[in-house]
Amino acid sequence: MRIKILLAAFLSFCCIASANVPLMPIKDLRSGMRGIGKTVVSGDTIENFDVEVLGVMGNETSGYNVFVHLSGPLIERTGGVAQGMSGSPVYIDGQLVGAVAFGKAFNDPHYCFLTPIGSMLELLDKPAAVELPLGTSLQAGGFSERGLNYLKEKLGPEGLDVTLGGVGSGESTSEIEPGSSISVALMHGDLSLAALGTVTWIDDEGDLLAMGHSFLQRGESAFFMNRAWIVGCVPNLQTSYKVGVVGENIGTFTQDRASGVGGKIGRGPPSIPVFIRTSDFKRGVNNSCRVKIVDDEKLLSTVLDAVVGNMVTKTMDTSGFGSGKLRFIINGVDENRESITIDRENMYYSADNVISIMNQEMTEAVNILAKNKFEKVDIYDITVDAEVTEDVEVAEIQSVRTQKYAMAGETVSIEVTMKPYRGETFKESVNFTIPKDFPGKKIALSVRGGSSITGVKNLLEQVKGEAQPQSNEIGRSLRYFINSLNSADKNNDLIVDLAAPPKAQLGAAMQGNPYKKKTPYDYIIDGEAEVVLNIVK
């Protein structure tokens with residue numbers, strides 16, 4: 001209601017906002033008008049820069065943009081308009097005209113466009129098309145160089161550019177006002193991931209407008225509204241950008257539209273606490289971090305993947321080859337407020353990049369909860385424990401032996417010979433009970449490792465409704481798939497099972513076979529062998 005009242009006041013040109021800031025209507029702008037803009041380029045001190053209006057483009061139907069030229073000592077220091085200045089309020093004769101919104105890459109950075117304040121006041125009611133040639137730039141605080149590269153790889157498909165953010169103890173405590181730095185954050189804590197912007201307008205009740213263009217253009221949203229401390233501004237051939245430290249959460253951005261972001265100072269958005277521990281016992285290195293990730297079903301798994309990847313790269317300190325063990329616990333409630341838990345541990349090895357392999361089951365599990373076709377799930381917290389080493393913790397099945405004859409219902413001993421990588425061969429005996437009602441004269445048994453990730457991806461396709469439904473899937477629930485994931489085969493399981501065609505074997509691996517026998521080891525089990533027994537009556 002307040003927005004509609006303000007808009008009506010704007011249109012009637014009695015342009016006084018509730019914060020007693022006079023607004024300049026677009027019809028009063030003329031080429032050659034001069035004014036000032038406000039932004040922060042160091043710490044939390046608001047500074048002025050000079051603005052000249054060059055022209056107004058657009059119409060009532062498509063919306064307006066104001067073309068301006070920026071100058072002055074501050075602009076010379078920043079090298080022109082910089083990412084993070086988005087939302088900087090511009091005033092002419094003490095009246096608020098609008099917000100710095102965007103420039104164009106590789107063009108003269110002294111020129112940019114403003115989003116008129118009238119369009120921003122319509123933010124909740126009438127999204128307007130705004131060109132964003134530079135995309136949304138996120139700053140990642142606390143990430144290592146390799147962790148940053150991993151983050152870029154994961155967020156690139158989402159259209160998000162990422163740069164390294166500042167880290168430090170600088171913390172703004174100044175009153176939030178037009179020109180103050182602000183951050184729209186996906187994550188904060190020991191690590192941060194946020195876009196820097198500038199406050200355009202704020203009223204006495206804490207309603208706030210910023211940026212002058214969209215963040216992710218999600219419409220109704222729930223992103224962290226955090227303070228920001230500006231470390232400095234980095235000139236760049238493509239576009240300069242501010243480097244900042246994300247501060248405390250002070251509220252929630254509830255609207256993310258083409259003309260800007262809007263929200264309210266006060267309560268923060270729904271978020272998911274995440275605790276991560278990583279260890280390399282051989283090197284004696286241990287790390288941990290605590291973060292809160294915004295509860296966004298589209299980005300949650302991607303951000304979590306990047307955070308765990310960063311912590312693992314920091315702990316391994318190698319190019320990514322080696323072995324790892326990952327355990328993750330995801331707690332939440334279903335639509336009936338009944339508890340749901342995914343508790344999964346597995347081992348992995350890669351000669352190239354063990355990190356991306358380690359994280360696959362975890363990200364798929366998050367997606368099973370966040371994107372399932374059955375019901376809404378509220379995730380309460382996520383805990384991740386990762387152990388990594390440069391060693392190759394893989395053992396290959398070399399041979400399998402057992403008795404030639406057995407009776408239905410009999411338990412037989414199977415001797416499995418395995419050889420660890422560059423290690424000594426060893427033998428293990430595992431038992432398998434032949435089904436009492438087995439009808440044939442011969443039974444073929446498969447002895448193999450878990451090879452779990454293919455089955456987990458198949459589960460995700462089913463739970464999202466993307467796989468071709470099978471007749472035996474009718475009536476299955478989210479809890480069925482959660483239980484299937486919790487009990488799914490692991491890469492370090494030595495499995496003895498009835499030999500079957502590939503499709504049936506996959507079903508048995510994921511859904512459980514009453515005859516299957518699994519024995520865990522401290523190695524990833526590689527290879528497969530088969531033995532045949534004669535059934536005697």
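Helix 8 (residues 478-486) has Leu478, Phe481, Ile482, Ser484 and Leu485 buried, where buried means under 20% relative accessible area, exposed over 50% and partly exposed in between, with a 1.4 Å probe and protein chains only. Looking down the axis of helix 8, you find these buried residues within an arc of 160°, so they line one face of the helix; the arc is that of the directions from the helix axis to the C-beta atoms. An α-helix has 3.6 residues a turn, so residues three or four places apart point the same way. Helices (H or I, at least four residues) and strands (E, at least two) are DSSP runs, numbered from the N terminus.

A word on the model: it is predicted, local features need pLDDT of at least 70, side-chain atom pairs count only at pLDDT 80 or more, and totals for chains, interfaces and linings use all residues. Residues are numbered from 1 along each chain as its sequence is written, and side-chain values use heavy atoms, with hydrogens and water left out.

Now to the salt bridges. Side chains of opposite charge can pair when their charged atoms come close. The count here is 20 salt bridges, each a side-chain nitrogen of Lys or Arg within 4 Å of a carboxyl oxygen of Asp or Glu. The table shows some of them.

| Pair | Closest N to O |
|---|---|
| Aspartate 489 and lysine 516 | 3.1 Å |
| Lysine 518 and aspartate 489 | 3.4 Å |

How does aspartate 489 tie parts of the chain together, and which parts are they? Aspartate 489 lies in the loop between helix 8 and strand 26 (493-498), and lysine 516 in the loop between helix 9 (502-511) and strand 27, so this pair ties together parts 27 residues apart in sequence. Aspartate 489 is buried at 1% relative accessibility, and lysine 516 is buried at 14%, while lysine 518 is partly exposed at 31%. Through shared partners, salt bridges join Arg448, Asp489, Lys516 and Lys518 into one network.

Strand 27 also belongs to a sheet. Its 5 strands form an open sheet with mixed pairing, in the order 22-29-25-26-27; two strands pair if DSSP finds at least two bridges between them. Strand 22 (405-407) and strand 27 (517-520) stand at the edges with a single partner strand each, so one side of each has no neighbour in the sheet. Strands 22 and 29 (residues 528-536) run parallel and are joined by 3 bridges; in one of these strands, strand 29, asparagine 534 is the bridge partner of tyrosine 405.
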